Amino acid sequence: MKLTGSCHCGAVTYQVDGSPVRMAQCHCNACRKITGTGHNVQAFFKREQVAISGKTNTHDSTSDKDNKRTRHFCTVCGSRLFAENSASPQIIGIAVGSFDDSSWFKPEVILYNAERPEWDKIDKTITTHEQMQ
Ligand SMILES: [Zn+2]
Ligand SMILES: [Zn+2]
């Protein structure tokens, strides 16, 4: 699969060559806060499959499992694009809505259902975990 995407203003663009190793939808408190909506959807790729051009700023936080989460956002428009986890440094997560065409995306798993707001309805056919998997 060859995929392209960008932030809202276009200062950061990226290309992906390959298929995602994992596709997930997360309702944890951090994902809700950083997106400002009920959940975050990410597709995860091997780092070498992703070529990024343009500058991002980062913000680090600590996950429930004590791993460092680094989230990248555009320095111009603030769009959140990429996420890394110190537990899997060879993997990069990409915010699915930033792809130019995301019609291929289908979450394999829903995480942190226990923290999901009632108004954010989920697809009951998708494997759902109350916390992290
Ligand atoms: Zn931007
Ligand atoms: Zn989350």
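## Strand pairing and a buried loop residue

Strand 2 and strand 5 (residues 50–53) run antiparallel and are joined by four bridges. Within this pairing, valine 16 sits opposite valine 50 of strand 5. Please keep in mind as you look around that this is a predicted model.

Tyr14 and Val16 make up the covered face, while Thr13, Gln15 and Asp17 make up the uncovered one. In a regular strand, side chains alternate between the two faces of the sheet.

Now to the loop between strand 1 (2–6) and strand 2 (13–17), where valine 12 is found. Is valine 12 buried or exposed? Valine 12 counts as buried because there are 24 C-beta neighbours inside 10 Å, and the cut-off for a buried residue is 20 or more. Leaving aside residues up to four places away in sequence, valine 12 touches Ser6, Cys7, Ile52, Gly54, Thr56, Cys74 and Leu81. By contrast, 24 Å separates the C-alpha atoms of valine 12 and lysine 106, which are 94 residues apart along the chain.

Elsewhere, eight strands form an open sheet with mixed pairing, in the order 6-7-8-9-4-3-10-11. Its edge strands are strand 6 (56–62) and strand 11 (127–128), each pairing on one side only. Inside the order, strand 3 (residues 22–26) and strand 4 (residues 40–46) run antiparallel with five bridges, and arginine 22 stands opposite phenylalanine 44 in strand 4.

Here are the antiparallel pairs described above:

| Strand pair | Bridges |
|---|---|
| strand 2 and strand 5 | four bridges |
| strand 3 and strand 4 | five bridges |

Stepping back, the protein has one helix and 11 strands, following the pattern β-β-β-α-β-β-β-β-β-β-β-β along the sequence. The radius of gyration is 14 Å, close to the 14 Å that the globule rule gives for 133 residues, so the protein is as compact as a globular protein of that length. Its C-alpha atoms fill a box of roughly 35 × 30 × 25 Å along the principal axes.

Of the 133 residues, 27% count as buried. Among contacts between residues at least 6 apart in sequence, 53% join residues at least 24 apart.

Key:
Residues numbered from 1 in each chain as written. Chains lettered and ligands numbered in written order. Predicted model: local features only at pLDDT ≥ 70, side-chain atom pairs only at ≥ 80, totals over all residues. Pairing = 2+ DSSP bridges. Helix = DSSP H or I, 4+ residues; strand = E, 2+ residues; numbered from the N terminus. Buried ≥ 20, exposed ≤ 12 C-beta atoms within 10 Å, placed from the backbone. Contact = placed C-beta atoms within 7 Å. Rg over C-alpha atoms; globule rule 2.2 N^0.38 Å.
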